[in-house]
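Welcome! Here is a short tour for anyone meeting this structure for the first time.

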4 protein chains.
Amino acid sequence: MNFEYSDTAKDYLGRLKAFMAEHVYPVEQQLAHTNHAQNNHGEWQRWQCLPEIKLLKEKAKAAGLWNLFLPDSELAQGLSCADYAPLAEEMGRVLFASEIFNCNAPDTGNMEVLYHFGNEAQKAQWLTPLLAGEIRSVFAMTEPDVASSDATNMQTNITEDGDHLQINGRKWWTTGLGHPDAKIAIVMGLSNPENDRHSQHSMVLVPLDTPGVKIERMLTACGDYDAPYGHGELSLTDVRVPKTNLIMGMGKGFAIAQGRLGPGRIHHCMRAIGAAERALELAIKRGQNRVAFGKPIIKLGGNLEKIAEARMAIDQARLLTELAAWKIDTVGVKHAMTEISAIKVVVPNMLQQVVDMAIQMHGGAGVSHDFPLAGFAAQARILRLADGPDEVHKGMVSRLELKKYLK
Amino acid sequence: MNFEYSDTAKDYLGRLKAFMAEHVYPVEQQLAHTNHAQNNHGEWQRWQCLPEIKLLKEKAKAAGLWNLFLPDSELAQGLSCADYAPLAEEMGRVLFASEIFNCNAPDTGNMEVLYHFGNEAQKAQWLTPLLAGEIRSVFAMTEPDVASSDATNMQTNITEDGDHLQINGRKWWTTGLGHPDAKIAIVMGLSNPENDRHSQHSMVLVPLDTPGVKIERMLTACGDYDAPYGHGELSLTDVRVPKTNLIMGMGKGFAIAQGRLGPGRIHHCMRAIGAAERALELAIKRGQNRVAFGKPIIKLGGNLEKIAEARMAIDQARLLTELAAWKIDTVGVKHAMTEISAIKVVVPNMLQQVVDMAIQMHGGAGVSHDFPLAGFAAQARILRLADGPDEVHKGMVSRLELKKYLK
Amino acid sequence: MNFEYSDTAKDYLGRLKAFMAEHVYPVEQQLAHTNHAQNNHGEWQRWQCLPEIKLLKEKAKAAGLWNLFLPDSELAQGLSCADYAPLAEEMGRVLFASEIFNCNAPDTGNMEVLYHFGNEAQKAQWLTPLLAGEIRSVFAMTEPDVASSDATNMQTNITEDGDHLQINGRKWWTTGLGHPDAKIAIVMGLSNPENDRHSQHSMVLVPLDTPGVKIERMLTACGDYDAPYGHGELSLTDVRVPKTNLIMGMGKGFAIAQGRLGPGRIHHCMRAIGAAERALELAIKRGQNRVAFGKPIIKLGGNLEKIAEARMAIDQARLLTELAAWKIDTVGVKHAMTEISAIKVVVPNMLQQVVDMAIQMHGGAGVSHDFPLAGFAAQARILRLADGPDEVHKGMVSRLELKKYLK
Amino acid sequence: MNFEYSDTAKDYLGRLKAFMAEHVYPVEQQLAHTNHAQNNHGEWQRWQCLPEIKLLKEKAKAAGLWNLFLPDSELAQGLSCADYAPLAEEMGRVLFASEIFNCNAPDTGNMEVLYHFGNEAQKAQWLTPLLAGEIRSVFAMTEPDVASSDATNMQTNITEDGDHLQINGRKWWTTGLGHPDAKIAIVMGLSNPENDRHSQHSMVLVPLDTPGVKIERMLTACGDYDAPYGHGELSLTDVRVPKTNLIMGMGKGFAIAQGRLGPGRIHHCMRAIGAAERALELAIKRGQNRVAFGKPIIKLGGNLEKIAEARMAIDQARLLTELAAWKIDTVGVKHAMTEISAIKVVVPNMLQQVVDMAIQMHGGAGVSHDFPLAGFAAQARILRLADGPDEVHKGMVSRLELKKYLK
């Protein structure tokens with residue numbers, strides 16, 4: 001066993017931390033406030049991406065800290081999942097940092113889909129500008145009218161019509177839909193109801209300016225619009241795209257989704273671990289600097305025990321996530337199913353607890369936008385639902401566990 | 001022992017439920033959406049109170065369901081704390097319902113202060129229009145620069161200057177400050193540093209249009225502005241008010257605060273219990289109506305156990321709160337300190353757990369504004385900080401517990 | 001609402017506390033040690049009841065503190081369930097106290113069965129000496145070969161043979177079976193498999209000296225034999241008793257069981273609440289008297305918060321149990337099903353938590369027999385299984401909850 | 001990063017598992033029952049070591065599975081801490097297995113003390129027979145009269161008298177004291193009160209047949225004597241041993257204790273992880289084989305979620321323990337203090353939870369001696385106190401955490 005990061009990971013981590021220290025942390029609060037003031041309302045048509053973010057993206061690209069998530073050494077840096085994990089953690093410490101390095105969801109997952117399953121034309125048209133950070137993308141899967149925890153419930157209809165596909169349906173929680181640069185959606189829908197349960201759905205590339213595509217509204221999530229990205233509700237009415245927009249083939253939706261999810265969960269979870277580390281740091285600093293009843297708050301009551309519990313929970317969650325990443329790299333997603341599902345439960349719940357503690361240590365300031373804590377709390381809460389609720393992942397873990405004892 | 005509500009309580013509760021059923025629930029979602037669309041942004045100067053709310057207030061007043069919180073039978077209905085408890089619970093089921101019956105915080109607490117500690121002139125000027133629901137009030141206590149969990153940290157300065165008082169300082173989490181009808185603040189500050197620890201502070205009535213009073217901004221709390229009420233940051237610069245605006249006397253701030261808090265905690269907690277009941281109801285309905293993996297969601301995994309746990313937690317929390325109310329009525333706040341502090345810990349934490357479960361049962365819908373759950377979650381989170389964080393109240397409970405065994 | 005105990009309850013409670021203070025607490029540790037030294041081994045044939053216990057029983061009887069559980073004013077004191085509740089709590093503070101007042105399980109439940117469902121001959125033969133405390137009884141229901149959480153699994157066979165009943169089967173967790181005074185068992189078994197699911201079982205009085213009745217062994221429960229009572233494994237081989245030993249009628253087993261359980265759960269739970277109060281008291285005293293790192297242990301880390309949490313949990317659990325008792329008295333067991341199941345979950349779990357904390361506060365002493373804490377811990381753990389595991393009771397609570405929303 | 005065990009570890013683990021499968025599991029229940037029947041009483045003078053255990057020890061020694069804990073390649077197998085970790089886990093699956101491989105506490109810790117800090121004569125006299133498994137040893141540190149969580153409280157007195165040391169005091173929780181082969185105690189006591197806080201204590205080798213050494217009694221721990229080892233209370237009255245029995249030097253007690261604890265915690269924790277794995281396995285098997293309400297128990301209610309939670313908790317705890325082991329091997333105990341303290345909290349609490357779940361899945365059988373679960377539960381509970389209570393270790397973790405942010 002060896003718990004040390006590889007030399008590659010250490011090199012990138014060192015450079016990333018230096019970049020964060022020089023360029024990101026110093027402007028974090030100011031950018032958050034500016035964004036909050038400009039964009040924190042429901043009229044997504046007026047949302048803007050801050051020019052400072054665009055500038056930071058240029059700097060990151062110049063520094064070679066770009067597309068770090070993609071394990072291709074020509075198109076990107078060729079980092080393994082395990083090597084990228086600590087980088088995702090570092091980015092997760094600041095709510096908007098991933099975008100700066102072109103490593104933000106759902107673009108990362110969409111780029112992976114195009115990279116692994118897109119044909120050359122699809123790559124040229126969409127993957128290239130996405131990798132360049134020129135456009136943004138969304139993933140339209142969850143639907144308002146059915147329990148989407150069971151993805152086979154999906155009702156959005158995809159039918160063949162000559163050399164076109166016609167799509168009708170309604171999606172929501174389409175993250176990033178409000179962003180001015182969002183240009184392309186990967187839409188998943190029911191195309192082959194005659195097939196077996198996991199071969200009935202397809203994924204189709206739908207440019208957002210296609211007639212019949214309509215953004216109905218942006219949803220608040222835990223009270224926040226998460227502008228300028230947003231979580232959108234989208235209607236698709238007789239939307240027609242050429243068949244060349246189909247990814248991989250009819251009925252291949254679940255096969256693609258499976259491939260998309262493994263590394264994506266590592267990314268989500270490592271970012272969440274970064275958020276938890278940040279929350280713990282903030283809690284300690286606040287607790288040491290504020291005085292009540294004659295003592296620094298952190299020395300009162302059970303506060304020090306809570307700090308220890310946070311440290312122990314974070315370290316355990318990180319190790320499990322790193323194990324999952326290492327298994328993806330070495331034996332593949334299919335043999336890492338327990339770990340991939342386990343971290344999807346463990347990490348967001350851990351973040352929720354750690355942030356809750358950090359908020360409590362901050363008093364009222366903790367729920368305000370002066371600190372990233374309320375944002376982390378929303379991130380944790382949503383992550384317990386997004387990409388499969390806790391319950392579905394626990395179901396996977398227990399199913400695999402029972403299998404060990406079946407003859 | 002007798003766990004039955006009094007005939008008076010049953011009568012009011014019946015009428016209140018009928019009113020809610022006829023007038024409030026049917027418009028709940030529409031009003032929430034309208035308010036959200038109009039007011040959910042940081043420019044509080046543009047916030048408006050919905051005319052529908054004003055109309056509902058008229059109807060409630062006409063129905064004799066008005067100022068139910070105030071135990072005075074001339075100015076109000078003369079309900080005891082225990083009789084009001086189930087009414088507060090019923091109101092708590094809808095996020096904006098308390099206001100309709102003129103029973104919303106912080107006005108209730110402020111009216112109690114004026115009622116118990118104000119002189120006749122103060123009552124005539126401020127209590128009368130507050131009881132009529134014509135104006136609204138705020139309570140300015142928490143400060144951004146110190147740990148306000150220890151109220152003796154308060155730094156806002158009140159000095160005597162001839163027949164005036166001069167006030168300098170900064171407050172935040174001044175709830176209701178953004179409301180167009182907010183006219184008067186009760187400001188607590190340090191006036192007599194030479195006195196002993198709990199006689200150094202005073203409470204002063206400060207009209208919000210007094211020169212030197214400035215609303216600096218509205219804070220989001222858990223991502224939400226809670227418009228049109230809002231949580232404000234307020235600066236007081238050389239603010240001068242006549243000495244007649246002083247409540248009770250110099251150095252009486254803590255004495256007044258103590259009197260204000262007992263019944264106020266019952267109100268907060270019973271509303272939170274109502275919110276928890278509502279969340280449980282929504283969870284059951286959603287869980288029964290949505291299907292995944294071939295079954296209603298509520299029948300999957302451990303969901304039914306979670307329903308049972310919610311029921312058990314709510315019932316216990318309610319009983320403890322009712323005991324606290326009954327003790328306030330029969331032996332007084334001073335002999336109910338354990339229960340009053342205990343419910344302040346137990347109830348918001350219970351609500352947080354129950355709502356978290358209900359959100360999980362709703363999937364993505366649970367964190368959106370289509371349901372009141374995200375609002376209840378924010379209410380619970382904030383209530384664990386407001387009016388003394390959990391830790392301060394646990395400190396009180398344990399202190400009283402240890403006292404039993406000291407010689 | 002009125003949370004005060006009735007005058008009757010207050011009177012009995014005062015006298016009971018005085019008796020405990022004068023006669024029980026002073027000898028508690030000595031009796032526990034003596035019993036432990038003499039009886040703590042698996043050879044139940046050598047177990048003895050301490051003569052001091054017999055003496056205390058005489059004193060309790062003389063003081064009119066006898067059979068307090070039975071709501072009959074001729075045979076006993078005629079206390080309601082709510083009036084008995086605080087008395088059971090007081091008894092629960094000392095592991096062996098209930099027996100002194102002839103209020104120990106399973107004799108109480110068995111006496112209730114005979115009282116409510118036995119005929120005159122059965123009462124004369126068995127209820128009279130039980131009420132006099134001259135003999136002891138056991139209840140044989142749980143079986144080793146099936147999941148007894150589902151009572152309809154019961155396999156012990158009861159068949160009619162002329163004017164006799166013949167019984168074959170195996171039972172375990174037959175509490176009290178090792179006691180030298182145990183003379184009679186109420187055996188529940190499958191008699192009418194042709195009937196519907198809840199009318200297939202019967203209860204039969206089986207004297208323990210009937211041929212074919214064999215005590216196979218005593219089980220340890222959480223490491224302890226709980227001597228001189230014990231939890232026994234019992235085989236019944238062609239056991240024949242006259243039909244007059246049948247209680248109520250063939251197929252009436254579940255009907256009797258239901259009637260037996262309501263008040264029995266109140267008793268169990270209130271005793272557990274007494275145990276929790278005692279554990280909390282011991283924790284505080286130990287925590288105040290032992291010093292580590294220059295401070296009384298109770299002031300270290302989060303210990304005071306844990307004291308507060310224990311107080312809040314106990315008070316809530318007691319209120320819920322008192323509500324259940326009051327409902328049994330006023331509207332009957334059938335309308336108190338939610339509460340009766342809820343306390344069966346809430347109280348033992350609460351006790352487990354509180355005792356765990358108290359043990360931790362005691363260090364090594366906490367798990368030894370120098371304090372009653374390890375005994376309380378075992379009591380809590382077993383109570384989460386006995387008389388229906390947590391899961392079955394949560395199932396009942398959720399089922400009743402969902403029913404509210406079914407059309 | 002590399003999460004694979006080394007080839008050495010894999011080789012030993014394979015052979016150990018084969019040995020367990022062939023020799024230990026098949027006799028586990030029978031040996032447990034025999035031991036329980038013979039030894040489960042307080043008269044430790046009659047306790048016997050089962051001859052089957054002695055035979056198994058011979059077999060293990062012959063198989064080269066002996067003294068695996070000791071990282072010396074001449075005296076033992078030369079396994080690193082990380083390589084030994086999975087072996088300790090495997091042994092932890094059966095309550096009595098460690099002894100078979102001469103890897104049981106406290107002998108392992110005592111052997112380490114002698115190995116690292118003993119002189120040649122001490123090694124020859126005591127380490128040699130201990131390594132041969134011919135005798136057993138105890139460690140006498142905890143005292144009944146003081147809070148031993150603060151080890152500086154220790155009062156047992158060690159004074160110099162010519163070329164002898166005289167010892168007076170009282171110890172308890174001296175594990176293994178009841179074993180017929182226990183011959184030697186390492187006694188820690190206060191020898192140099194004039195020194196600074198961590199240089200006041202010494203460790204002395206005291207043969208158990210030295211005049212003045214008296215076993216006062218065996219303590220039950222969670223109801224169990226843990227025979228034939230036992231937890232003893234020991235009085236030392238004017239006990240005289242030659243100065244050559246002093247380990248390392250006067251005042252070196254804490255220095256030795258520190259060195260003893262690092263690897264010892266890994267051993268304790270890995271055994272506890274093995275116990276948790278075993279409990280989970282038993283829970284799954286029982287849950288699949290017992291039927292209630294028409295389904296295997298494991299499919300009822302939230303049981304499958306609990307299985308998943310156990311898997312996730314165990315895997316996280318194991319990873320943290322393995323990290324601690326790896327750090328001990330690579331950077332040393334001093335740089336692994338956070339992890340060493342963290343696992344001492346995390347693992348026993350995890351085991352307590354997992355076993356509690358497994359017991360619940362077993363019903364009454366779970367608390368009996370028919371399964372090792374009650375034993376594991378006691379192990380977990382005691383481990384939360386032994387070798388520093390949770391609170392002390394959380395204190396260490398938080399102290400190190402805060403240090404990161406101090407200038």
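## The nonpolar core

A nonpolar core is a set of buried Ala, Val, Leu, Ile, Met, Phe, Trp, Tyr and Cys residues joined through C-beta atoms within 7 Å. Buried residues have 20 or more other C-beta atoms within 10 Å of their own, exposed ones 12 or fewer, and partly exposed ones fall in between, with C-beta atoms placed from the backbone. The largest such core holds 543 residues, and A:V354, B:V354, C:V354 and D:V354 touch the most other members.

Take C:V354: leaving aside residues up to four places away in sequence, its contacts are C:A276, C:A279, C:L280, C:A310, C:A313 and C:I314. Two residues are in contact if their C-beta atoms, placed from the backbone, lie within 7 Å.

## About the model

This is a predicted model: local features need pLDDT of at least 70, side-chain atom pairs count only at pLDDT 80 or more, and totals for chains, interfaces and linings use all residues. Residues are numbered from 1 along each chain as its sequence is written, while chains are lettered from A and ligands numbered from 1 in the order in which they are written.

## Chains C and D

The same surface serves both copies, as 100% of the contact residues of chain C recur in chain D.

Chain C and chain D each bring 42 residues to their contact. On the chain C side, β3 (164-175), β8 (291-292), α10 (373-383) and α11 (390-403) each supply at least two residues. Helices (H or I, at least four residues) and strands (E, at least two) are DSSP runs numbered from the N terminus. This side has 18 nonpolar, 16 polar and 8 charged residues. Here Ala, Val, Leu, Ile, Met, Phe, Trp, Tyr, Cys and Pro count as nonpolar, Asp, Glu, Lys and Arg as charged, and the others, Gly among them, as polar.

## Chains D and A

Which helix of chain D gives the most to the side that touches chain A? The contact takes 33 residues from chain D and 33 residues from chain A. The answer is α8(D), with 14 residues. The chain D side divides into 20 nonpolar, 5 polar and 8 charged residues.
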